[in-house]
Amino acid sequence: MRILFLAVLRAHTGNAVTAARIRNHLEAVGHTCILKDALDFESSTAVASLIGIEKFEAALALHLYRGGRLLQGQRIPFGIIFGGTDINEDIDHEEKKQIMGIVLEEARFAVAFTESMKEMALNKWPHAKGKIHVQSQGISTMPNVTFNWNTFLQNTEINRSADNLHIFILICGLRRVKDPLYLVDAFSEWHREEPNVYMVIVGPEVDPVFTREVKARVKRASGVQLMGEMSREDLHAIVKNCFAVVNSSISEGMSAAVLEAMDLEVPVLVRNIPGNAAIVKHEETGLLFSHPQEFVQLATRLVNDPALEKKIVTKGKEYVRLCHSWKSERDTYQNLMWKLQ
């Protein structure tokens, strides 16, 4: 089957990584799956033209609004995968909510990463009952074995001679919903008291205006550094070498970076929002914080409590193995394709 797959790709977001992984699942059983950036299309008319020219037989969209609205009214069957901001934010915008409801009505199926995401969708669109499947993200990690950690520290201008260095990594595209500045002031203050702690924000420049704001703030903040986009393998190597991975997003669908850190046996400290609380159990698989001061308190505790660190990484690794199986994700999407036949 020839499948058109619409997702936001150019921003190099977590959704782009998810889309590439799902495409691989479908191609493994002989489907032809063509990934296209939803931002390249101004209207559903442009997509209709592409469907005609390329002779697509079915379609998928990752993100109910950004991708889904382009499939509304098309003559081929399609499925939807919720992204995160569609259910967490766009749902509160009346016009977008209406469009998403119509798209959901036309879709053969929809996939939510968590039960809470499914419940939020059903709360707004009861008509979708029986149509929404829950499939958590399947996780696999592959750190670059030739990655040079010392060179990375040199590039981030971190004092490598500091005793007992503790590097916290925040992985995100620079856009407001990821809130990378949320912890900057509190972390900087902590670094002035404890010069061996550093936070490095790693990710692509998605929003140019916001990126300038981030760069200006980070420049003034001691103990906080900024690194640009990296390959997935290098990113996994950085995670493997760091002390802990941080997530400070305002909203999340399901953070692959957090799950990958768990898989690599690295502690996670995440902001207490529904998307994060769905995958991190406090003091079991990670630590949840509700404000910057609480982050510093928990991070300090983690630095000084090796038993807590060991417990978190052991339970985090086990959780990913049991609940975020790459094979289970593959089976789900391959089976859902029958609904598009």
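Is Lys215 buried, partly exposed or exposed? Lys215 is partly exposed, with a relative accessible area of 40%; buried means under 20% relative accessible area, exposed over 50%, and partly exposed in between (1.4 Å probe, protein chains only). The model is predicted, so local features need pLDDT of at least 70 and side-chain atom pairs count only at pLDDT 80 or more, while totals for chains, interfaces and linings use all residues. Residues are numbered from 1 along each chain as its sequence is written, and side-chain values use heavy atoms, with hydrogens and water left out.

We can start with the overall layout. The domain assignment gives domain 1 (2–138 + 325–338) and domain 2 (149–324), with bounds that come from an automatic or database domain assignment. The centres of the two domains, taken over C-alpha atoms, are separated by 29 Å. Their contact (heavy atoms within 4.5 Å) takes 17 residues from domain 1 and 17 residues from domain 2. About 1300 Å² is buried between domain 1 and domain 2, and carbon and sulfur atoms give 56% of this area; buried area is the accessible area (1.4 Å probe) that two parts lose on being put together, summed over both.

Next comes a sheet. Six strands form an open sheet in the order S9-S8-S7-S10-S11-S12, with parallel pairing. Here helices (H or I, at least four residues) and strands (E, at least two) are DSSP runs, numbered from the N terminus, and two strands pair if DSSP finds at least two bridges between them. Strand S9 (224–227) and strand S12 (287–289) are the edge strands, each pairing on one side only. On average, neighbouring strands of this sheet are turned by 25° against each other, direction ignored. S11 and S12 run parallel and are joined by three bridges, and Arg271 has Phe289 in S12 as its bridge partner.

Two helices pack on this sheet. H10 touches S7, S10 and S11, and its direction makes about 160° with that of S11. Helix H12 (residues 292–304) touches S7, S10, S11 and S12, its direction making about 155° with that of S12. Axes are lines fitted to C-alpha atoms, for helices over the stretch in contact, and angles run from 0 to 180 degrees between N-to-C directions.

Eight of the eight residues of helix H10 (residues 256–263) are buried, so the helix is largely enclosed by the rest of the structure. Just after H10, Glu265 takes a positive phi of about 60°.

Finally, there are the charged pairs. The structure holds 16 salt bridges, each a side-chain nitrogen of Lys or Arg within 4 Å of a carboxyl oxygen of Asp or Glu. Across the interface of domain 1 and domain 2 the rule finds zero. Lys215 forms a salt bridge with Glu205, the closest N and O atoms being 2.8 Å apart. Lys215 lies in helix H8 (residues 208–220) and Glu205 in the loop between strand S8 (197–202) and H8, so the pair ties together parts that are 10 residues apart in sequence. Arg2 and Glu54 also meet in a salt bridge (3.0 Å, N to O). Glu284, Lys311 and Lys315 are linked in a network of salt bridges.
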